[in-house]
Amino acid sequence: MDDCKLCYTVAFATIVPVFYYLFKKFNTHAMCTTNTKLDGKTVIITGANTGIGKETAIDLARRGATVVMACRDLNRGEKALEEVKNLSGSQKIFLRILDLASLKSINNFSSNFIKEFDELHILINNAGVMMCPHWKTEDGFEMQFGVNHLGHFALTNLLLKHMIKTKGRVINVSSMVYAFGDINFDDINSEKSYNKIKAYSQSKLANILFTRELQNKLGNSNITTYSLHPGAIKSDLQRHVFYLQFLPRFLGVKNAIEGAQTTIYCATKEGLEEHAGKYFKECQVTTCCHKAFNDLTQLKKLWEISEKLTGVAYPL
C-alpha cells in the first residue's frame with residue numbers, strides 16, 4: 001500500500017469512530033413518556049404557529065386539551081391552525097392574535113381570553129426572538145428583552161387571577177445560553193451599546209429568574225412555575241443567525257418534535273409540584289448554574305424593573 005492510500009485508510013479509520021461517538025453522545029434526546037390526559041383543561045401556547053410551539057400544541061390537543069394558539073401573524077397562524085387540527089384530530093383548538101412586542105396587544109389578548117374562557121390551566125410562554133438586529137418593540141424596549149421576557153412577564157401577570165383556582169402551571173421556554181448572560185441593569189434595553197448575543201442571553205436568563213421569583217411570590221398557592229432548555233433546534237427562530245441553520249445532527253441538533261418534549265413533560269408530568277420554580281432539560285430537573293438564580297437581590301430587582309417598564313404588577 002502506498003503512502004497516500006495508507007494515510008486515507010488511517011484517516012477514515014479514525015474519523016468514522018469519532019463521528020459515531022459524537023452522534024451517540026449528543027443525540028440521546030429524552031422523549032416525554034407521560035400518558036396524562038388533559039380533558040377539560042385549557043392551554044395557551046405563545047408562538048404556536050411554528051417549531052416546538054406547534055408540536056406542543058399538537059401533542060396537548062391529542063391529550064384532550066382546549067388549546068389556544070397565541071400567534072402574531074394571522075396568515076401563518078391560520079395555516080398552522082389547520083395543520084394542528086388535522087394532525088391532532090381535535091377541533092378544540094383556537095387561534096387568537098397576540099403580539100408580544102406590543103403591550104396593547106398583550107392587554108387586549110388577556111382581557112378577551114378572560115371573557116371567552118372560564119379558566120386557564122396551563123400557560124406556555126414559548127414564543128421568542130433570537131439574535132435579531134437592534135430592533136425595538138412598539139413600546140421602545142430592545143426587541144429580544146421586550147418579547148422574550150417583558151412580553152411574557154406582562155402576559156403571565158395579567159392571566160394569573162384566571163389560573164389561581166385551577167392548580168395551573170406557568171412554563172417558560174428558556175435556553176442554555178442563559179449561562180452566558182447577565183442582567184445589565186444599567187443598560188437593560190441596550191440603549192448605550194448593543195450585542196445581539198448578549199441581549200439574547202440576557203433575555204433567556206431573565207426567563208429563568210422570572211420563573212424563580214414568580215414561584216417565590218406564589219408560595220403555596222395552586223399555581224406552579226417551571227423553566228426549561230428545549231435543546232438546540234433547527235427552526236424559524238434562527239432566521240437572523242445564518243450559520244446556525246447548518247449545524248449538523250451529530251452536534252445534537254434536534255427537530256421540532258424532539259425539541260418540544262421537555263415543554264410537554266413540564267405541562268403533563270403529574271406530581272411535579274415538588275420541583276416548582278426549577279429549571280429543566282431533557283425531561284428532568286437540572287441545576288441552573290447561574291449565580292443570579294439564588295440571588296434574591298437580583299430576582300427582586302429584575303421583577304421591580306419589569307413591573308415598572310410594563311406597567312403590570314403582580315396581582316395576587
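A: T156 is found in helix α5. The model is a predicted one. What does T156 touch, leaving aside its neighbours within four places in sequence? The contacts are L123, N125, V170, F210 and L214.

Now the helix as a whole. Two packed helices are described by the angle between their axes and the distance between the axes. Helix α5 covers residues 143-159. Two of its packing partners are described here, α4 and α9.

Take α4 first. This helix spans residues 103-116. Its axis and that of α5 come within 10 Å and cross at roughly 25 degrees. Angles under 35 degrees count as roughly parallel, so α4 is roughly parallel to α5. The crossing of the two is right-handed. On the α4 side, the contact uses L103, I106, N107, F109, S110, F113 and I114. On the α5 side, it uses G151, A154, L155, L158 and L159. By class, this contact holds 9 nonpolar and 3 polar residues, with no charged ones.

Next, α9, residues 296-310. Here α5 packs at an angle of about 85 degrees, with the axes 10 Å apart. The range from 65 to 115 degrees counts as roughly perpendicular, and α5 and α9 are therefore roughly perpendicular to each other. From α5 come F145, H149, L150, F153, A154 and N157. From α9 come L302, W303, S306, E307, L309 and T310. The residues of this contact divide into 7 nonpolar, 4 polar and 1 charged. A154 is listed in the contact with α4 and also in the contact with α9.

The spacing within α5 can be read against the helix repeat. An α-helix has 3.6 residues a turn, so residues three or four places apart point the same way. In the contact with α9, α5 supplies H149, F153 and N157, among others. In the contact with α4, α5 supplies G151, L155 and L159, among others.

Step past the end of α5. T166 lies in the loop between α5 and β5, a strand of residues 169-173. Its relative accessibility is 9%, so T166 also counts as buried. Beyond its neighbours within four places in sequence, T166 is in contact with E119, L120 and H121.

Carry on past β5. S190 sits in the loop between β5 and α6, a helix of residues 196-218. S190 is buried, at 8% relative accessible area. Its backbone deserves a check. Most residues other than glycine have a negative phi, and most peptide bonds are trans. S190 has a positive phi of about 55 degrees, although it is not a glycine.

C283 is another such residue, with a positive phi near 60 degrees. C283 lies in the loop between β7 (279-281) and β8 (284-286). C283 is buried, with a relative accessible area of 11%.

That leads to the cysteines. A disulfide is a covalent bond between the sulfur atoms of two cysteines. How many disulfides does a search of the whole structure find? It finds 0. For C32, the closest cysteine sulfur is in C283, at 5.3 Å, which is too far for a bond. The cut-off for a disulfide is 2.5 Å. C32 is buried, at 13% relative accessible area. C132 is buried too, at 0% relative accessibility.

K269 lies in the loop between α8 and β7. K269 and C32 are 237 residues apart in sequence, but 8.7 Å apart in space, C-alpha to C-alpha. K269 is partly exposed, with a relative accessible area of 32%.

Helix α8 itself covers residues 261-268. Of its 8 residues, 8 are buried, so α8 is largely enclosed by the rest of the structure. They are Q261, T262, T263, I264, Y265, C266, A267 and T268.

Last, the setting. The protein chain has 9 helices and 8 strands. Of its 316 residues, 53% are buried. Among contacts between residues at least 6 apart in sequence, 76% join residues at least 24 apart.

Terms used
Residues numbered from 1 in each chain as written. Predicted model: local features only at pLDDT ≥ 70, side-chain atom pairs only at ≥ 80, totals over all residues. Heavy atoms only, no water. Axes fitted to C-alpha atoms, helices over the stretch in contact; angles between N-to-C directions. Helix = DSSP H or I, 4+ residues; strand = E, 2+ residues; numbered from the N terminus. Parallel < 35°, antiparallel > 145°, perpendicular 65-115°, else oblique. Contact = heavy atoms within 4.5 Å. Nonpolar A, V, L, I, M, F, W, Y, C, P; charged D, E, K, R; others polar. Buried < 20%, exposed > 50% of the residue type's maximum accessible area, 1.4 Å probe, protein only. Left-handed = near helix turned anticlockwise from the far one by under 90°.
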